[in-house]
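Colleague: Hi! I'm new to this one, could you walk me through it?

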Amino acid sequence: MALFASSTRDVPVASAVPRHVAIIMDGNGRWARKRLLPRFAGHHRGVETVRATVKTCLQRGIEFLTIFAFSSENWRRPQEEVSLLMQLFVKALKDEVSKLHRNGVRLRVVGDLSRFEPELQALIRSSEERTADNERLILTVAANYGGRWDILQAVNHMLLSEPGKNGTWTESDLAPHLAMSYAPEPDLFIRTGGEQRISNFLLWQLAYSEFYFTDLLWPEFDAVAFDAALASFQQRERRFGRTSEQLLDGSPATTPAAMSGRRDA
């Protein structure tokens with residue numbers, strides 16, 4: 001059974017501060033080129049922005065932060081850049097995990113990790129184990145992750161776990177097998193860098209997220225920019241399939257799950 005409610009089966013509780021923020025951190029390479037620096041300098045600076053964003057989330061009371069660090073399609077980049085990104089990932093884990101742990105942040109890494117070098121896989125496991133009891137903020141790094149991969153691996157695990165159901169599976173059967181079954185669906189999705197697409201990120205989980213796009217490049221995305229995204233989120237009317245009038249008069253939800261009294265818990 002899933003730990004959190006599904007936005008397509010139940011009406012989530014809407015609040016002024018998003019519980020879960022997901023971010024595509026776009027624009028590191030362009031930030032570097034604008035300054036006549038190698039692309040890798042932008043990725044290095046992007047790690048500093050991640051550190052600052054974690055701090056902002058802790059200050060704003062956000063419980064889950066998910067960042068797209070490396071997609072399953074990023075292997076198509078030049079081999080030198082991919083190699084440098086892997087080295088940066090290793091360095092970031094070595095440098096940052098102690099700070100995360102001191103601040104009560106739990107680290108999770110989701111994606112097909114089998115393609116990574118053994119050293120990186122071992123660092124990921126040890127970092128997750130070290131921070132496993134922390135609860136102030138769950139920081140998820142999506143690495144070698146793709147939304148289609150996530151759905152396919154969840155379907156395969158579901159079929160193996162309940163082969164007898166054969167054609168009668170429901171959303172509740174699939175949800176526990178998704179890579180981020182431990183987190184609520186993102187309330188707010190942010191993409192920096194001026195592009196307006198989700199690029200195979202959290203395809204299942206973003207069903208009812210609010211989208212926020214900014215032209216700022218990721219290394220430029222500071223606390224002021226984050227607060228602008230939060231302010232935009234606070235202006236949204238989150239209906240989850242209902243009408244504005246229902247929100248105004250406080251009418252109860254009439255989803256099948258609500259009418260039957262069922263909830264994912």
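**A first walk through the model**

Modeller: Happy to! Let's begin with Ala69, which sits in strand S2 (residues 64-71); helices (H or I, at least four residues) and strands (E, at least two) are DSSP runs, numbered from the N terminus. This is a predicted model, where local features need pLDDT of at least 70, side-chain atom pairs count only at pLDDT 80 or more, and totals for chains, interfaces and linings use all residues. Residues are numbered from 1 along each chain as its sequence is written, and side-chain values use heavy atoms, with hydrogens and water left out.

Colleague: Thanks! Is Ala69 buried, exposed or partly exposed, and why?

Modeller: Ala69 counts as partly exposed because its relative accessibility is 39%. Buried means under 20% relative accessible area, exposed over 50%, and partly exposed in between (1.4 Å probe, protein chains only).

Colleague: And what does Ala69 touch?

Modeller: Leaving aside residues up to four places away in sequence, Ala69 touches Met25, Val141 and Ala142. A contact here means heavy atoms within 4.5 Å. Ile24 is 45 residues from Ala69 in sequence, with 7.7 Å between their C-alpha atoms.

Colleague: Let's zoom out. How many helices and strands are there in the protein?

Modeller: The protein has nine helices and six strands. It has 265 residues, and 46% of them are buried. Of the contacts between residues at least 6 apart in sequence, 78% join residues at least 24 apart.

Colleague: Now helices. At what angle do H2 and H3 pack?

Modeller: H2 and helix H3 (residues 79-102) pack at about 25 degrees, and their axes are 11 Å apart. Axes are lines fitted to C-alpha atoms, for helices over the stretch in contact, and angles run from 0 to 180 degrees between N-to-C directions. That angle makes H2 roughly parallel to H3. Angles under 35 degrees count as roughly parallel, over 145 as roughly antiparallel, 65 to 115 as roughly perpendicular and the rest as oblique.

Colleague: Which residues meet there?

Modeller: On the H2 side they include Phe40, His43, Val47 and Val54, and on the H3 side they include Leu84, Leu88, Ala92 and Leu100. By class, the contact of H2 with H3 has eight nonpolar, two polar and five charged residues. Ala, Val, Leu, Ile, Met, Phe, Trp, Tyr, Cys and Pro count as nonpolar, Asp, Glu, Lys and Arg as charged, and the others, Gly among them, as polar.

Colleague: What about H2 and H7, how do their axes cross?

Modeller: The axes of helix H2 (residues 39-60) and helix H7 (residues 223-234) come within 10 Å and cross at roughly 50 degrees. That makes H2 oblique to H7. Thr53, Thr56, Cys57 and Arg60 in H2 meet Ala223, Phe226, Asp227 and Leu230 in H7. By class, this contact has four nonpolar, two polar and two charged residues.

Colleague: Switching to loops, where is Pro184?

Modeller: Pro184 is in the loop between helix H6 (171-174) and strand S5 (188-191). Pro184 counts as buried because its relative accessibility is 10%. Not counting residues up to four places away in sequence, Pro184 touches Phe4, Arg19, His20 and Phe64. Pro184 and His20 are 164 residues apart in sequence, yet 6.9 Å apart in space, C-alpha to C-alpha.

Colleague: And Gln205, buried or exposed?

Modeller: Gln205 counts as buried, at 6% relative accessibility. Gln205 lies in the loop between S5 and strand S6 (210-213). Beyond residues up to four places away in sequence, Gln205 touches Tyr145, Asp150, Leu178, Met180, Glu185 and Pro186.
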